[in-house]
Amino acid sequence: MKILIANRGEVAVRIIRACKELGYPTVAIYSDADRSALHVLYSDQAFPVGPAPSSESYLSVDRILAAARASGSDAVHPGYGFLAENAGFADACRAAGLVFIGPSTDAIRAMGSKIESRRMMRTAGVPIVPGLESPIESFEQLESCAEQIGFPVMLKASAGGGGKGMRLVHKFEDLRSSFERVSSEAASFFGDSAVYVEKVLASPRHIEVQILGDQHGNVIHLGERECTLQRRHQKVVEECPSPVVGPELRARLGETAVLAARAVNYDSVGTVEFLMAPDESFYFLEMNTRLQVEHPVTEEVTGIDIVKEQIRIAHGERLGRDQGDVTFSGHAIECRIYAENPFRNFAPSPGRIRFLTLPEGPGVRNDNGVYPGYEVPIHYDPMLSKLIVYGASREEAIARMRRALAEYRIDGIETSIPFFTAIFENENFLRAEFDTGFIDRFLGELTADVSVEDRHTQAAVAAAAILSFEESQKVRFPEERDSRWKRAGRAEGLTRHHQ
Ligand code: MV4
């Protein structure tokens, strides 16, 4: 069973590892910018699929299918991003006689429409955020809905997701312009102008449940992940379990997610996202019909290899376990390490990695996609690697993450590591007191929120902190550490000793 991985970077490496352990040969694809990427090095075969821009390579269905044909592949794993939730790609793979390692095309389609999925979920008995269940047909309809719900309201594009095509409306006067804006953005970005309105949840958390389903009607859950810490709708830190979810709430979240998955005959690895209010009420947000970036934290706590399960399920195997066999032990945390400069408003920082040593030791896992000497291309998402730690408790995991972040040495490009170092010192984070607004407030506090006379002190302290951080990260090559004289002396000593 030869598997083509239609992706790049750390996720391609992760999938190759699972295939190797299952005994399946792997085929990588690569763009012109990725000839020397790690996933190409680790695969058994590699096929070029076009120039650097992803629209001409990693998003080219025809070129990927041609590579699958040329390599004699039997199956395609889409990873995440790129074509992972593209129903047309799943169909095209299956039409070409390939196993698509993902759910049915119907499930992908149903979950691609927020309005459609809300209706399905309500019918299945899954709680949804109160609001419309059909596209807004006129401004008058929106007016009366918004009055009924009460301000603020949220306008969302049906084809949106992950924070795209969404608008918070605080007052009646802004309703019309916001509606027009979201509708036209939805039409131009997603080719679907359908928009609906819902109630705004105050201070929510983002809690998601990992699902496993097979082609024989079995569905189980692997517990929740805490993904509340996000910056511009990009997750920053993920934890398993959520520090605010106990066994009883976990069981209810899990059962609800299984209900959601069953409603679309879900037959793969997937994730049901919920918004959770401070009173622990939770509402269906969306379902991701793919493997997710943050899957490793669930793997660490359940001991289940989610990628291997996904491959087995796609080949028609039954889930090897039922809900009672799933146990949770300890605590895992993930940091997404990006090639971006947190001191320059997170600007991308592509370039050559001159030096790299990854943290190691007890409870540390790197799902890494780069190596020293590698040039980080400007063309793709700048995530380099994921640092995952495991501990018996949240406290141990946090201590381990601090230790691992301090061990991380990377030179040549800027990374988000100093940002994480600061988060793991924040009192509110340590007490697990945060909502979706945490990161913005935290970044604000780092810069503003100081009286004028304090600013100069603050600036000096920040400058000192940055300098000291950079000093600690400074790379010393082994050659530079001791002089030629010392080494020559040692060699001489050794020679003498052996004489
Ligand atoms: C919301 C919300 C509050 N109320 N919907 C943002 C991403 C998209 N998947 C849904 N999002 C939100 N929808 C209602 N009715 C707040 C957010 C939200 C958010 C959600 C999860 C994680 C981070 C977030 C940051 C800002 C807003």
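Visitor: How do you know that strand β1 pairs with strand β4?

Guide: Two strands pair if DSSP finds at least two bridges between them. One example is isoleucine 3, whose bridge partner in β4 is alanine 75. The model is predicted: local features need pLDDT of at least 70, side-chain atom pairs count only at pLDDT 80 or more, and totals for chains, interfaces and linings use all residues. Residues are numbered from 1 along each chain as its sequence is written, and side-chain values use heavy atoms, with hydrogens and water left out.

Visitor: What makes β3 and β5 the edges of the open sheet?

Guide: The sheet has five strands in the order β3-β2-β1-β4-β5, with parallel pairing. β3 (45-48) and β5 (99-100) each have a single partner strand, so one side of each is left without a neighbour in the sheet. Helix α1 (residues 9-22) packs on this sheet and touches β1, β2 and β4. The direction of α1 makes about 165 degrees with that of β1, where angles run from 0 to 180 degrees between N-to-C directions and axes are lines fitted to C-alpha atoms, for helices over the stretch in contact.

Visitor: How do you know that the span of helix α12 is close to the expected one?

Guide: The elements are DSSP runs numbered from the N terminus (helices: H or I, at least four residues; strands: E, at least two). α12 (residues 394-407) has 14 residues, and the expected span is 1.5 Å times one less than the number of residues. From first C-alpha to last, α12 reaches 20 Å, close to the 20 Å expected.

Visitor: Why are the buried residues of α12 said to line one face of the helix?

Guide: They are Arg394, Ala397, Ile398, Arg400, Met401, Ala404 and Leu405, where buried means under 20% relative accessible area, exposed over 50% and partly exposed in between (1.4 Å probe, protein chains only). Seen down the axis of α12, they fall within an arc of 165 degrees, so they line one face; the arc is that of the directions from the helix axis to the C-beta atoms. In general, an α-helix has 3.6 residues a turn, so residues three or four places apart point the same way. The buried residues of α12 pack against several elements, including β16 (331-338), β23 (383-391) and α13 (417-423).

Visitor: Which element gives the most to the largest nonpolar core?

Guide: A nonpolar core is a set of buried Ala, Val, Leu, Ile, Met, Phe, Trp, Tyr and Cys residues joined through side-chain atoms within 4.5 Å. The largest has 61 residues; those with the most contacts inside it are Leu4, Val237, Phe420, Ile423, Phe424 and Phe429. α12 gives the most to this core, with five residues. Apart from it lies another core, of 27 residues, among them Val11, Val269, Ile306 and Ala314.

Visitor: What does leucine 4 touch?

Guide: Contact means heavy atoms within 4.5 Å. Among the residues that leucine 4 touches are Val27, Ile29, Ile64 and Val76, not counting residues up to four places away in sequence.

Visitor: Where is a peptide bond cis?

Guide: The bond from phenylalanine 151 to proline 152 is cis, with omega near 0 degrees. A cis peptide bond also joins cysteine 240 and proline 241, with omega about -5 degrees. Proline 152 lies in the loop between α7 (139-149) and β6 (153-161), and proline 241 in the loop between β13 and α9 (247-263).
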